[in-house]
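Please take a moment with the sequence and the structure shown below before reading on. The paragraphs that follow go from whole chains to single residues.

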Amino acid sequence: MFEQQLINGLTLGMIYALIAVGYTMVYGVIQLINFAHGEIFMLAAFLAVTFITVFGLPIYIVIIMTMGCCALIGVLLDIFAYRPLRQSPRLAALITAIGMSIFLQNLAMIIWGSRPKPFVQSALPPFLRTTALTVGDASISWLQLFIFGIASLLMIILFLIINKTRVGTAMRALSQNRTSAALMGINVNRVISFTFALGSSMGAVAGIMVAIYYNTLYPTMGYVAGVKAFAAAVLGGIGSVPGAMIGGIVLGIAEALGAGYISSLYRDGIAYAVMIAVIIFRPSGILGKSTLEKV
Amino acid sequence: MLKLEDIHTYYGNIHAIKGLSLEVNLGEIVTLIGSNGAGKSTTLMSISGITRPRTGKIFFQDKDITTALTDTIVKMGITQVPEGRMIFPRLTVYENLLMGAYLRKDRKGIKMDEEHCFELFPILKERRKQAGGTLSGGEQQMLAIARALMARPKLLLLDEPSLGLAPIVVENIFEVITRINSSGTTILLVEQNAQMALQIAHKGYVLETGKIIMEGPAGELMENPKIQSAYLGID
């Protein structure tokens, strides 16, 4: 059972990590916990199903289209909801984020209804649910392998964008000193938009994966996933991208093991317990920088 | 080259700059001296478009830049080395320099200026892979100046480059400033260290609580008894 839970946990953890990087990157550049990020994840699942059922497109094109749409939604969210509040106290933006989360959730309910829907299984290759390989007495399905593969690929791409490109370096510069970044001629708003686009497209992939993995989508699915990914970002150290990746994986494994060995009823509780423990014992997270400020 | 006409800048309700006018001509080093809180940094931030003046006009090469965005201003050729250096602590020295050249596309030119910066400050070449935050204060100031030069500015705004540095390092930095100027870059230098600033400047302005109270050739200001007692420590 241990191997099986570990594999399940790893799959889940990769998904949390994909969502968590969106929280952490946005926090890095504008010190805002974007509570509506979970809703982008949810919208991705619905948009994907819509693209499949309405346009009959193949799944890989749907994934790319959904990433693009969610990137756009993320940017619009920033422009209309957060940008006007850039000079306001942080609390104003935080409350707006919660407001946007509720707004998007209800918008989805109006458009797609509040009842859970299954994913369009016919759009997926049938072998996804079959066993790809067995390790000891644990079996890994093709789907789990795909989730693992795509998530890893996206993480590598993200890592390269942040560390090797001009705009990625500008993102890091901006998160370290906004005034100084502006003085370098960096268009601060454009880089912030780019950050939202990047985080939202990662979250979009996670949304589609979850909908496929659990074969269900509903307008409030972003809430729980969002809170857990947020916990993962806090665990890794908010503002740190590698931290969010590690935090997501650790949380996924902890959750799967807890569900396997204690009770699956405590599944969600474990994420919160981890978050509370981190806040008490190591508030800066695994890779977070301590918040000591030199005066 | 740069002309400020009667600008007023506010922080909320605080009237920080109260009708300031100054002029910097091509090729000059102009210094703006004054004590803490006189509005020196605010003046530079107003020029850079970070804190916009509420009234008044700023012209650069005869173009009105009063309401221009910071990136436009940088693109036009005004770069600032801000007070406290503000280097990016978790970017490497090299990445810091690249950020200075953010708006430029000419790879060859960037490479050339990089070499030029390493010539000017050899210590930065040794430390190019180190995080900016691990440098000493003096090295950080050098990095901040080098980073600004990477934008190939026509006008360089320097905000208290001597702040918190040992006298020998200050000497070194000021020598570099003169070299930058003699290679064709116009400089507006804000300083509390009036002695050093007036020595290398062509022209000086004295700022007190948001107003210019005196201006003239640097040599004359140094001879002025009022300046001597208030800013140069000579009775």
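Which pattern does chain A follow when it is read along the sequence? Chain A follows the pattern α-α-α-α-β-β-α-α-α-α-α-α-α, and its secondary structure comes to 11 helices and two strands. This description, like everything below, refers to a predicted model.

The overall dimensions of chain A can be taken next. A compact globule with 295 residues would have a radius of gyration near 19 Å, and the 19 Å of chain A agrees with that. Along the principal axes, the C-alpha atoms of chain A fill a box of roughly 55 × 45 × 35 Å. Of the 295 residues in chain A, 53% count as buried, and among the contacts in this chain with a separation of 6 or more, 74% are accounted for by residues 24 or more positions apart. The accessible surface of chain A comes to about 13100 Å², and carbon and sulfur atoms hold 70% of that area. As for charge, chain A carries 16 positive and 7 negative side chains, and the centres of these two sets lie 14 Å apart.

In chain B, 54% of the 235 residues count as buried, and residues 24 or more positions apart account for 66% of the contacts with a separation of 6 or more. Chain B exposes about 10400 Å², of which carbon and sulfur atoms supply 52%, and it has 26 positive and 26 negative side chains, with the centres of the two sets 9 Å apart.

Which residues of the largest nonpolar core touch the most other members? In this core of 102 residues, they are Tyr82(A), Phe119(A), Leu158(A), Ile186(A) and Met99(B). Helix H8 of chain A, which covers residues 188-213, gives the most to this core, with 15 residues. Apart from it lies another core, made up of 46 residues, including Ile29(B), Val93(B), Leu120(B) and Ile173(B). Returning to Met99(B), and leaving aside its neighbours within four places in sequence, this residue is in contact with Arg166(A), Thr169(A), Ala170(A), Ala173(A), Met184(A) and Ile186(A), as well as with Phe88(B) and Leu91(B).

Is Arg86(A) buried or exposed? With a relative accessible area of 15%, Arg86(A) is buried, because residues under 20% are counted that way. Arg86(A) is found in the loop of chain A between helix H3 (59-82) and helix H4 (90-112). Not counting residues up to four places away in sequence, Arg86(A) touches Ile30(A), Asp78(A), Arg178(A), Asn189(A) and Ile192(A). One of these, Asn189(A), is 103 residues away from Arg86(A) along the chain, while their C-alpha atoms are separated by 10.0 Å.

In chain B, helix H1 (residues 40-47) is largely enclosed by the rest of the structure, because seven of its eight residues are buried. The buried residues of H1(B) are Lys40(B), Thr42(B), Thr43(B), Leu44(B), Met45(B), Ser46(B) and Ile47(B). Just after H1(B), Gly49(B) takes a positive phi of about 80 degrees.

Most residues other than glycine have a negative phi. Asn215(A), although it is not a glycine, has a positive phi of about 50 degrees; this residue is found in the loop between H8 and helix H9 (221-236) of chain A, and at 30% relative accessibility it counts as partly exposed. Thr209(B), likewise not a glycine, has a positive phi of about 35 degrees. Thr209(B) lies in the loop between strand E9 (203-208) and strand E10 (211-217) of chain B, and it is exposed, with a relative accessible area of 53%.

Asp62(B) is exposed, with a relative accessible area of 75%. From C-alpha to C-alpha, Asp62(B) and Leu198(B) are 27 Å apart in space, and they are 136 residues apart in sequence.

Notes
Residues are numbered from 1 along each chain as its sequence is written. Chains are lettered from A and ligands numbered from 1 in the order in which they are written. Side-chain values use heavy atoms; hydrogens and water are left out. Buried means under 20% relative accessible area, exposed over 50%, partly exposed in between (1.4 Å probe, protein chains only). Contact means heavy atoms within 4.5 Å. Accessible areas come from the Shrake-Rupley method with a 1.4 Å probe; for residues, only the protein chains shown count as cover. Lys and Arg count as positive and Asp and Glu as negative; His and the chain ends are not counted. The place of a charge is taken as NZ of Lys, CZ of Arg, CG of Asp or CD of Glu. A nonpolar core is a set of buried Ala, Val, Leu, Ile, Met, Phe, Trp, Tyr and Cys residues joined through side-chain atoms within 4.5 Å. Helices (H or I, at least four residues) and strands (E, at least two) are DSSP runs, numbered from the N terminus. The radius of gyration is taken over C-alpha atoms; the globule rule is 2.2 Å times the number of residues to the power 0.38.
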